[in-house]
Structures are given as structure tokens and as C-alpha cells.
Amino acid sequence: MRSARAIAHSNVALAKYWGKRDERLVLPETGSISITLDALWTEASVRFGEGDGPDLIEVGGAPAGPSDGRRTLRVLDLVRSMAGFSGTAEVHCWGNLPLGAGLGSSAAGFAAIATAASAALGLRLTEAEVSALARQGSGSACRSVPGGFAEWLCGRAPDGSDSYAVRLFGPEHWDLRVVIAIVNSGRKEVSSRLGMRRTAESSVFYDAWRLSVERELREVRQALADRDLTRLGEAAERSAMRMHATTLGADPPFSYWLPATLAVLSRVRVLRRGGTEAYATIDAGPNVKVLCRPQEVGVVEAALRDVQGVEDVLTSGPGPAARVLPA
Ligand code: PMV
């Protein structure tokens, strides 16, 4: 039976990826670094059969939307061509993540699909190869393949063969916590793909952003190596604020933030003034992820729950690599 099931966890970038140098191959303008989130995951089951009918792609029990469907098909086609197989595929994904809300549903989803699909056809790929495959579903997905604290290497090769994620440290390296303030779990109006394209094409701040990334990558790598929360948090906040600043400089301008996003950011600053080390980062959506130490999770969770407009708060530690599950 050509089938396999895999699980992958979502991730949040500490040094952000924002903009592609090649849209088709999903090659980034810059490197990026993330922490994998243990608490947020997606499972994918992939089964290949002989016929030549259409592929079936379901997410959470319903047919995948056009964008998810098209990107899943791309990953399936790559796997089929590597294996020299031409039959149909049936893909089911489910998990505990709202879709398209900037909580990493596509990162977890495509890491799980790439892992399951390559295993189903018996391809013996390296972790880097699975990561490069996941990248072509969704860029940030490549970082969920090695898990832990991962760096997506920007790469230079025009075919993308050197653009994949590597594990800088496993999840056991640092028991950091990410407290997530959910401000809106609905699908965002501007997808990350369109948001980064519009920004790269038209934002007057985009070049400044690109030039700022190398320093943040160095800062984040060093802070992770030293388990230095102050250095990590400050770099992660700068990276997030600068990435979001590019959206305001785009034409037409846009923003992923809601009023409650700003209210959470302000509460994080109040926490810091009161001596709790907490630092915010935001992906392509209005929800805020706050980095802190395990012993301060209770204080941070209570402070975020108290902010008007926060619907829910959930906390995660660092998560593992994507993996194939027993049949
Ligand atoms: O890979 P995508 O299309 O989900 O884009 C991710 C973009 C950000 O989440 C904003 C940044 C990042 O590095 O994950």
C-alpha cells in the first residue's frame, strides 16, 4: 500500500522571511529563523493509487480551497516525478490550528504533506530534501521539517537546491515559551503570499527591510546559542516591527493589525516595565506571540487575557521535527 501518515508542528519566525526572489520555486530574498511550536500541529495522510482520476485533497474534512489545493498539488507532483509514479493521490489533513490566521497552519500542513507523501512513495529523502519539498508548498513550512530552532538558508542556486531549513538546536536546547494572544482566528484578508509580493514590488521600505535582516539573523543565532532572552526578544521584536512596517509603505498600503493587536503590544511593554521579560512577534495576521520564560507564563497569560479584544490565549514550548507516524 502506497500510503503514509505524518505529523508536523507549526513555527513562528524569530527573524522573519518576507519576500521571494523566485515565486514559482518559493525562494526567499533573505534567510529566516524560527521556533517550532509543540502545541500547534497538523497531521496529513497521503495515499497513492493506480488510476488516473483527479487527486482528492481535503483539509479538516472539507475540500481544500483553491490556494491550498494548488500548492498541495505542486508538492504531490514533485513527489510523483521524483518517484516516477503517475497515479492519483488522496490527501487528508487535520489538526488543531485555525487556517490562514497567521498561526502557521500552512507551515505545519505542508511540512506534514511533504513528509507523508515522500514516505508513501518510498522515497528515501534527506531531511534537507523534504524541507525543500515542503518549501514549495509554503515557504515557512521548510522550517517545520527539522523542527526545534530552525534556520531557513536563503541559498543562491537558481534551482533552489540550497534553499532549505536546518536545525540550529533541538527543542530540548532551551525551554522557551511562546504565549499566543488570539485576537482573530478568522482567515486574513491579504494572504502572506500576496502581502509579501505587494510589499516587495511597491513598498518604499522594502530595501531597508532586506538590508536589516542579516544583522537580526546574527543576533538571533547568537541569542539562541547563549539562551539569552533579552537579546533574542529584542531582535525578534525588531524583526517583526520592521516586517510589518513594510506593509504600511506598500502601494496600496495595508496592515495585518487590528486594534487589539496594538493593545497587546502595549501590554507587553507594560509587562516589561514591571520586570517580566516578555517580547512580542507577529506574523501575517493580527495575533501576537509573546516570548517569555516558563516561570513567567502565568503572569503573561493573565496579562494578555485581560486585554480587550483578546479571544483566547494559548501557550507552547519548542516543538519537534516533522515525522512519519505508524500506519
Ligand atoms: O510561508 P508563508 O507564505 O506562510 O509566509 C510566512 C510569512 C511570515 O509568517 C510573516 C514570516 C515567517 O518567516 O514565517
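**View 1. An oxygen atom of the ligand lies 3.3 Å from a polar backbone atom of Gly 139.** The model is predicted: local features need pLDDT of at least 70 and side-chain atom pairs pLDDT 80 or more, while totals for chains, interfaces and linings use all residues. Residues are numbered from 1 along each chain as its sequence is written, and side-chain values use heavy atoms, with hydrogens and water left out. Tyr 17 places a backbone N or O atom 2.9 Å from a ligand oxygen atom. From Ser 192, a polar side-chain atom also lies 2.9 Å from an oxygen atom of the ligand. Polar contacts here are pairs of N or O atoms within 3.5 Å. Taken alone, the ligand exposes 380 Å², and the protein buries 92% of that area (Shrake-Rupley method, 1.4 Å probe).

**View 2. The shell around the ligand holds 14 residues.** Ala 13, Tyr 17, Ser 140, Arg 143 and Ser 192 come nearest to the ligand; a residue is near if one of its heavy atoms lies within 4 Å. The shell comprises six nonpolar, five polar and three charged residues, with Tyr counted as nonpolar and Gly as polar. Domain 1 (2–171) and domain 2 (177–316) each supply at least three residues to the shell; the domain bounds come from an automatic or database assignment.

**View 3. An open sheet of four strands has the order β11-β12-β10-β13, with antiparallel pairing.** The edge positions belong to β11 (279–282) and β13 (312–316), each with a single partner strand, so one side of each has no neighbour in the sheet. Neighbouring strands are turned by 25° against each other on average, direction ignored; the axes are lines fitted to C-alpha atoms, and angles run from 0 to 180 degrees. Strands are DSSP runs (E, at least two residues), as are helices (H or I, at least four), and two strands pair if DSSP finds at least two bridges between them. β10 (residues 177–182) and β12 (residues 288–292) run antiparallel and are joined by five bridges. Val 178 has Leu 291 as its bridge partner in β12.

**View 4. The peptide bond from Asp 251 to Pro 252 is cis.** Its omega is near 0°. Pro 252 belongs to the loop between α7 (229–248) and α8 (259–273).

**View 5. Val 26 has a positive phi, near 55°, in a residue other than glycine.** The loop that holds Val 26 runs between β2 (20–22) and β3 (27–28).

How values were computed: A polar contact is a pair of N or O atoms within 3.5 Å; within protein, one must be able to donate a hydrogen and the other to accept it, and residues adjacent in sequence count only if both atoms are side-chain atoms.
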